Amino acid sequence: ALIHRHRPELIEYDKLRKDDPVTNLNNAFEVAEKYLDIPKMLDAEDIVGTLRPDEKAIMTYVSCFYHAFSGAQKAETAANRICKVLAVNQENEHLMEDYEKLASDLLEWIRRTIPWLEDRVPQKTIQEMQQKLEDFRDYRRVHKPPKVQEKCQLEINFNTLQTKLRLSNRPAFMPSEGKMVS
């Protein structure tokens, strides 16, 4: 029962026979020796065949289980901590990638848009001038607002990432050349 409680995959507790304690104990001793590195210190016959088994021997043996399971618990705790650190690092890497992609997309849009905005060639007709004015209004109402939101999101991602890195004692994030928030 002690082994099954901490390592249920080692002993199928439901399949043990209540009318055969010697076999059950020998099975437990073998499993403890093979999988838990606990040497066999007792004989099943000495425990089952006597009215009062040696209490000190049993307590010594049970204490070996305590040490085996507490060591496993410490290892599991350490593994969980490592997993958490790796998860945080992966999340930070993901934020860095998101930042770089969003910055690249935004910069590409800016590169395509600036020449259009700088085109100051006067139009020859009123209709062409009105069309140019309507295009500019369309730019201000439809095209620019989502890009302003993207820039805000870029700043949020950058600041969030810097804060997370600072909290985990990691070096600050430096975006690729030309991809600073400014």
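Trainee: What makes asparagine 26 count as buried?

Mentor: Its relative accessible area is 18%. Buried means under 20%, exposed means over 50%, and partly exposed lies in between, with a 1.4 Å probe and protein chains only. At 18%, asparagine 26 therefore counts as buried. Keep in mind that this is a predicted model, where local features need pLDDT of at least 70, side-chain atom pairs count only at pLDDT 80 or more, and totals for chains, interfaces and linings use all residues. Residues are numbered from 1 along each chain as its sequence is written, and side-chain values use heavy atoms, with hydrogens and water left out.

Trainee: Where is asparagine 26 found, and which residues does asparagine 26 touch?

Mentor: Asparagine 26 sits in helix H2; helices here are DSSP runs of H or I with at least four residues, strands are E runs of at least two, and both are numbered from the N terminus. Apart from residues up to four places away in sequence, asparagine 26 touches Lys40, Ala44 and Glu45. Touching, or contact, means heavy atoms within 4.5 Å.

Trainee: Is aspartate 37 buried or exposed?

Mentor: Exposed, because its relative accessibility of 66% is over the 50% limit. Aspartate 37 is in the loop between H2 and helix H3 (44-48).

Trainee: What makes the phi of aspartate 37 worth a look?

Mentor: Most residues other than glycine have a negative phi. Aspartate 37 is not a glycine, although its phi is positive, about 60°. Asparagine 169 also has a positive phi, about 55°, without being a glycine. Asparagine 169 lies in the segment after H5 and, at 71% relative accessibility, counts as exposed.

Trainee: How do you know which residues belong to the largest nonpolar core?

Mentor: A nonpolar core is a set of buried Ala, Val, Leu, Ile, Met, Phe, Trp, Tyr and Cys residues joined through side-chain atoms within 4.5 Å. The largest one has 14 residues, and Ile3, Ala32, Leu36, Ile38, Tyr61 and Phe65 touch the most other members. H2 and H4 each supply at least two residues of this core, and H2 gives the most, with four. A second, separate core of twelve residues includes Tyr99, Leu106, Leu161 and Leu165.

Trainee: Which residues is isoleucine 3 in contact with?

Mentor: Beyond its neighbours within four places in sequence, its partners are Pro8, Leu10, Ile11, Ala28, Val31, Ala32, Leu36, Phe65 and Phe69.

Trainee: Why is a space called a pocket and not a cavity?

Mentor: On a 1 Å grid over the protein atoms alone, a cavity is a set of points where a 1.4 Å probe fits but cannot get out, whereas a pocket is an open set with protein on both sides within 12 Å along at least five of seven lines; lining residues have an atom within 4 Å of a point. The largest pocket has a volume of about 450 Å³. Among its 20 lining residues, Ala1, Leu2, Asn24, Leu25 and Ala28 are the closest to its centre. H2 supplies the largest share of that lining, five residues.

Trainee: Where is the second largest pocket lined from, and what is near its centre?

Mentor: H4 and helix H5 (126-167) each supply at least two lining residues, and H4 gives the largest share, eight. Of the 19 lining residues, Leu106, Leu107, Trp109, Ile110 and Lys151 lie nearest the centre. The volume of the second largest pocket is about 290 Å³.

Terms used:
Grid points are joined across faces, edges and corners, and a volume is the space filled by probe spheres set on the points.
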